[in-house]
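Please look over the sequence and the 3D structure below before reading on.

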Amino acid sequence: MSEDLTPDDSANILSQIQLQDDDYELLEAESPAEQHQDLGALPVVAVIGRPNVGKSTLVNRILGRRAAVVQDHPGVTRDRVRYPAQWAGVDFQLLDTGGWELGVKGLDQMVAAQAEASIQLADVVLFVADAGVGATDTDLQIARILQRCDRPVILVANKVDSSRGEADATALWSLGLGEPFPLSALHGLGSGDLLDKLVALLPEKSQFSKALPPGSPGRVALIGRPNVGKSSLLNTLAGSQRVVVNDLAGTTRDPVDEVIEIAGVPWTFVDTAGIRRRMLKSRGADFYASLRTQAAIEEADVAMVLLDASQELASADIRIIEQVISAGRALVLVNNKWDLLDEERRHDLEREWELQLSHVDWAPRVNLSAKTAWHTNRIQGALAQALAGWRTRISTSELNSFLGRLVAEHPHPVRGGKQPRIMFATQVSMAPPRFVFFTTGFLDPSYRRFIEHRLREEYGFTGSPIQISVRVRERRKRS
Ligand code: GDP
Ligand code: GDP
């Protein structure tokens with residue numbers, strides 16, 4: 001059995017691979033453990049605007065290039081992500097709104113709604129418009145939301161790459177948000193001044209983002225379709241406890257976080273106001289409910305997806321589970337209303353799980369009844385287990401010797417006379433665990449699944465999605 005790699009071994013292997021500039025950046029980044037911090041009460045800056053105006057370019061400009069590590073698929077719908085940022089010694093969190101695939105139906109409505117959701121989480125808003133294009137209808141719609149929300153806003157007139165474009169920037173006065181700030185996010189023109197202005201607007205502590213209360217292991221989002229029993233479970237868990245409320249009344253979003261003890265451990269439940277309030281049954285309520293679910297997932301470390309075990313698994317259940325996975329949060333699955341199940345339904349339920357949920361067989365599962373409180377104490381263990389899996393970190397040396405053994409036993413199948421080889425791998429982040437593999441060719445999806453399966457067997461990762469990305473690189477010719 002091979003020993004773990006020493007740093008010298010790693011350097012030796014890497015010297016044999018033709019690495020590119022951003023590979024070095026990735027390999028030199030801080031260790032995942034250092035990156036993972038609770039951004040807690042740092043003031044929040046949201047970057048919003050239509051697709052293609054230059055939001056990601058601006059985010060990357062503010063962060064330096066490290067964000068490139070995080071983003072794999074530009075141009076597709078992505079989730080809101082929070083990054084730690086700093087300017088002139090002032091720390092803040094940068095909330096990247098995410099993007100939408102261009103050309104999808106109802107794009108304008110989604111852009112506006114997404115912007116609204118981000119605004120409500122922010123202490124200061126950077127609203128980015130394209131100076132070359134001018135104010136569009138969607139820009140006006142977002143401007144109206146901003147006028148209502150009473151947040152400090154900087155209107156960024158982007159793509160002003162030279163002094164000739166400054167006249168275009170002036171035209172954005174029409175949005176009614178004060179003086180447009182001309183910027184070239186691409187070339188960096190004006191970005192220092194913009195950041196100075198931004199930092200001057202920041203409060204010392206966020207009004208909307210709260211540090212995790214002392215002793216609380218993490219934030220939980222309790223989510224699920226209507227009527228699966230979310231408010232019942234919340235009431236059962238909260239019981240007669242004095243609920244410590246993170247009261248944000250007076251804001252438009254009015255999320256309320258509550259600390260609820262389960263089996264003696266104080267978990268922080270996010271946006272419980274949304275659970276307690278009966279959803280309005282109006283047109284478009286589905287869309288807003290799903291936006292609210294998304295926001296709760298993004299606020300949380302671990303999502304507890306509640307299912308009504310007395311009913312057939314619905315496609316909406318699966319969609320919510322997919323939302324959690326794509327947001328990269330830890331996952332616990334809960335079968336509620338167990339008191340209603342007879343022998344036959346229990347049998348059917350197991351079949352449904354086998355057929356439709358085998359791809360998340362890594363998530364802890366709890367069967368319980370919110371009504372009778374049966375097994376509700378088991379939630380604590382499941383949440384703790386999922387969070388531990390989500391925060392697992394494997395050292396580079398250990399990972400590479402593990403992969404060495406794995407490949408020796410089960411090499412990648414030969415394809416068209418070639419056999420892709422894994423040369424080196426590293427875990428670039430935790431919470432959720434994300435790995436980058438340097439290989440000599442693309443890996444078959446089935447081989448990737450095999451690797452994921454073996455990683456889970458060896459290291460657990462219970463309750464956590466695992467992300468693996470592959471960088472195909474040449475081997476250096478021996479000189
Ligand atoms: P997002 O969809 O709002 O995140 O926009 P991106 O940051 O992806 O930028 C969209 C396109 O505009 C990309 O091709 C960028 O290179 C380009 N872009 C961004 N900022 C500028 C800028 O300041 N000047 C110019 N000329 N192009 C820019
Ligand atoms: P929500 O929309 O997800 O918040 O669901 P509710 O908590 O309002 O519950 C919907 C319905 O299911 C209500 O009539 C509850 O009384 C019922 N319910 C919730 N949990 C249970 C349970 O464990 N057993 C049974 N028999 N009924 C339940």
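This is a predicted model: local features need pLDDT of at least 70, side-chain atom pairs count only at pLDDT 80 or more; totals for chains, interfaces and linings use all residues.

Residues are numbered from 1 along each chain as its sequence is written, ligands are numbered from 1 in the order in which they are written, and side-chain values use heavy atoms, with hydrogens and water left out.

**Around ligand 1**

- Among the 14 residues around ligand 1, those that come nearest are Asn 52, Lys 55, Ser 56, Thr 57 and Asp 161, where a residue is counted if one of its heavy atoms lies within 4 Å of the ligand.
- By class, this shell holds 4 nonpolar, 6 polar and 4 charged residues, with Asp, Glu, Lys and Arg counted as charged, Ala, Val, Leu, Ile, Met, Phe, Trp, Tyr, Cys and Pro as nonpolar, and the others, Gly among them, as polar.
- A polar side-chain atom of Asn 158 lies 3.2 Å from a nitrogen atom of ligand 1, and an N or O atom in the side chain of Ser 184 is 3.3 Å from an oxygen atom of the ligand.

**The second largest cavity**

- The second largest cavity holds about 40 Å³ of space, a volume being the space filled by probe spheres set on grid points joined across faces, edges and corners.
- A cavity is a set of points, on a 1 Å grid over the protein atoms alone, where a 1.4 Å probe fits but cannot get out, and lining residues have an atom within 4 Å of a point.
- The lining of this cavity includes Leu 307, Arg 345 and Trp 353, and comprises 5 nonpolar, 2 polar and 5 charged residues.

Methods. A polar contact is a pair of N or O atoms within 3.5 Å; within protein, one must be able to donate a hydrogen and the other to accept it, and residues adjacent in sequence count only if both atoms are side-chain atoms. On a 1 Å grid over the protein atoms alone, a cavity is a set of points where a 1.4 Å probe fits but cannot get out, and a pocket is an open set with protein on both sides within 12 Å along at least five of seven lines; lining residues have an atom within 4 Å of a point.
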